[in-house]
Amino acid sequence: MNELDDVKIRNGKSIDHENIVSVMPEWWGGRDLSSSVLKVFFIHFHNTTFIAEIDGQLVGFLVGFMSQSEKSVGYIHFAGVHPQFRKAGIGRLLYEEFYSACRVNGRSIVKSCTSPVNKLSINFHQKMGFEIEQGDGIVDDVFVTIDYLGKGNPKILFKKILT
Ligand SMILES: CC(C)(COP(=O)(O)OP(=O)(O)OC[C@H]1O[C@@H](n2cnc3c(N)ncnc32)[C@H](O)[C@@H]1OP(=O)(O)O)[C@@H](O)C(=O)NCCC(=O)NCCS
């Protein structure tokens, strides 16, 4: 795809929620994680939630927020790109938009996490310059934090320092 110039990024709105949760199972290869993306994010994290569109069609989204507990951290909760528009730079565009929001809010660190099964996400984050935090376990040769978001639900924790 060489239409990156055609991609428009805007902040998310509550009316975007329904559309996003409806595409998530397909975008996540059949895993239905849509219950983790609540409408409240689009209402109260409007400034740090981004929608990517081409001619009004949803091609990507990022839901993030500024950590209330760690004042130097911005956290990316979920991000996805339409399968037909991947590897064209849209994910990078959305992440960079979030980095800008972090800088505006005085945040110098971006954190995110993913499941060990999501090799695509691991590769993407490493390409984006995220390091993997050491954690307290190892799955498939990668450090995980075993009970990070729930018992027996290990996550790989990513961290990137903004320059
Ligand atoms: C992860 C995801 C958001 C990446 O979006 P994308 O638009 O394809 O990513 P980009 O084209 O901007 O790629 C950015 C960098 O990551 C790399 N990358 C992207 N997908 C990759 C993959 N599957 N394997 C290896 N590297 C990959 C790109 O090559 C690029 O690196 P480069 O600039 O050095 O070439 C997308 O694949 C997706 O939606 N996956 C399903 C949902 C998901 O797992 N989200 C994870 C976060 S919750």
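**Around the ligand**

Select β4 (73-81), α3 (90-104) and α4 (119-127): each supplies at least two residues of the shell around the ligand. Helices (H or I, at least four residues) and strands (E, at least two) are DSSP runs, numbered from the N terminus. This is a predicted model, in which local features need pLDDT of at least 70 and side-chain atom pairs count only at pLDDT 80 or more, while totals for chains, interfaces and linings use all residues. Residues are numbered from 1 along each chain as its sequence is written, and side-chain values use heavy atoms, with hydrogens and water left out.

Stay on α4, which gives the largest share of the shell, five residues.

Next, select the 19 residues around the ligand; V81, K87, G91, R92 and N118 come nearest. A residue is near a molecule if one of its heavy atoms lies within 4 Å of it.

Now show the polar contacts (pairs of N or O atoms within 3.5 Å):

- V81: a backbone N or O atom lies 2.7 Å from an oxygen atom of the ligand.
- N118: a polar side-chain atom lies 2.8 Å from an oxygen atom of the ligand.
- A79: a backbone N or O atom lies 2.9 Å from a nitrogen atom of the ligand.

Taken alone, the ligand exposes 920 Å², and the protein buries 82% of that (Shrake-Rupley method, 1.4 Å probe).

Finally, colour by domain: domain 1 (1-94) and domain 2 (108-163) each give the shell at least three residues, with bounds from an automatic or database domain assignment.

How values were computed
Polar contact = N/O pair within 3.5 Å; in protein donor to acceptor, adjacent residues only side chain to side chain.
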